[in-house]
Amino acid sequence: MIHKSGFVNIIGSPNVGKSTLMNSLVGKKLSIITKKPQTTRHRILGIINKSDFQIIFSDTPGVIDPIYPMQKIMMQYVEKSLDDADIILLTTEIGKLEDITIFNHIIKKKNKNIPIIILINKIDKIGTECGKNILYYTINHWHKSVPDSEILPISALKRMNQDLLMNKIISLLSVHPPYYPKDYLSNRSERFFVNEIIREKIFFLYKKEIPYSVEIHTTLFKNKNTFIYIFSYIYVERHSQKGILIGEKGKAIKKLNFFSIKSIEFFFKKKVQLKLDVEVCKNWRYDYKKLKNFGY
Ligand SMILES: Nc1nc2c(ncn2[C@@H]2O[C@H](COP(=O)(O)OP(=O)(O)O)[C@@H](O)[C@H]2O)c(=O)[nH]1
Ligand SMILES: [Mg+2]
């Protein structure tokens, strides 16, 4: 039997739905999703395994102009994902014509032979006549701006045109044995997913700069008979943030613990006991050494 395999990298500006798309294609919530930009910090692989193909999707941080060291490292992940792609999914959303600046930059940098598919996401938002016009203009805009590319309107959330996208990807894949064992869903460890789930809850429960200032480090993940025992540190940048995280009489962190457990249990399909501890790691986002220790 012929077997196809390849790396499909999802790239685009923040908040257009890259993580939602990868999760919905893979069928498991591997990447965290929030309403806020710059949620995804790492490059995360999501793998689809079928008897005759293996597709390795890569979710990447949104393309931005980096300001501080952590963002610079995030953008290096994006650049790297331009080199090792077999197919690039340039993702934008309906009406977001200004993404042309980012797309031109990416198209210039990428290897000429790598095919790109332009995905116009969030088409579930149309419906009104006005929405249809916007979609029409958006498609036209991309046809004119990037003449040689494939363009596909989709909805990651409502899974619209997902079959079309999958067929297109499979037709572009090369014949190749699988790159990863066929039971792999991701390249990431159990601890990594715990870190990310807790971070997602922090995005959900805390305001302003708090979610951007935390880093989670899970030091213990013990699979017991009937439950998983987990210990995670939450690092913040300043003492004042520690107070906010814990909250009055520990109320805030209790809430965080509760929501985190629910999601971690859902992810691993097992009961979970979770201990959280908050520590200050001064200005870690600005410190290359500390970032390295955190695995960036
Ligand atoms: N209406 C609609 N919203 C979407 C769609 N895909 C993603 N979103 C929302 O857009 C926001 C950002 O999604 P996310 O996947 O985190 O974007 P990323 O930053 O590109 O990874 C979230 O609130 C998603 O629920 C879609 O197809 N339709
Ligand atoms: Mg994301």
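## Helix packing and the ligand site

Helix α6 (residues 190-205) packs against helix α9 (residues 251-268) at an angle of about 135°, and their axes lie 9 Å apart. That angle makes α6 oblique to α9. The crossing of α6 past α9 is right-handed. The model behind these values is predicted.

Which residues of α6 meet α9? From α6 come Glu190, Phe193, Val194, Ile197, Ile198, Lys201, Ile202, Phe204 and Leu205. They meet Lys255, Leu256, Phe259, Ser260, Ser263, Ile264, Phe267 and Phe268 of α9. By class, the residues of this contact of α6 with α9 are twelve nonpolar, two polar and three charged.

Helix α9 has another partner. Helix α8 (residues 239-246) packs with α9 at an angle of about 65°, with the axes 5 Å apart. The two helices, α8 and α9, are therefore roughly perpendicular to each other. On the α8 side, the contact uses Ile244, Leu245 and Ile246. On the α9 side, Lys251, Ala252, Ile253 and Leu256 take part. Leu256 of α9 also belongs to the contact with α6. Six residues of the contact of α8 with α9 are nonpolar, none is polar and one is charged.

A further pair involves helix α1 (residues 18-26) and helix α5 (residues 162-172). Their axes come within 12 Å and cross at roughly 80°. α1 and α5 are therefore roughly perpendicular to each other. Leu21, Ser24 and Leu25 of α1 make the contact with Gln162, Leu165 and Met166 of α5. Four of the residues in the contact of α1 with α5 are nonpolar, two are polar and none is charged.

Now the ligand. How many residues surround ligand 1? There are 16, and the closest are Asn15, Lys18, Ser19, Thr20 and Asp124.

| Residue | Protein atom | Distance to an oxygen atom of ligand 1 |
|---|---|---|
| Gly17 | backbone N or O atom | 3.0 Å |
| Thr20 | side-chain N or O atom | 2.6 Å |
| Leu157 | polar backbone atom | 3.1 Å |

Thr20 reaches ligand 1 through its side chain. Gly17 uses a backbone atom, and Leu157 also uses a backbone atom.

Methods: Residues numbered from 1 in each chain as written. Chains lettered and ligands numbered in written order. Predicted model: local features only at pLDDT ≥ 70, side-chain atom pairs only at ≥ 80, totals over all residues. Heavy atoms only, no water. Axes fitted to C-alpha atoms, helices over the stretch in contact; angles between N-to-C directions. Helix = DSSP H or I, 4+ residues; strand = E, 2+ residues; numbered from the N terminus. Parallel < 35°, antiparallel > 145°, perpendicular 65-115°, else oblique. Left-handed = near helix turned anticlockwise from the far one by under 90°. Contact = heavy atoms within 4.5 Å. Nonpolar A, V, L, I, M, F, W, Y, C, P; charged D, E, K, R; others polar. Near = heavy atom within 4 Å. Polar contact = N/O pair within 3.5 Å; in protein donor to acceptor, adjacent residues only side chain to side chain.
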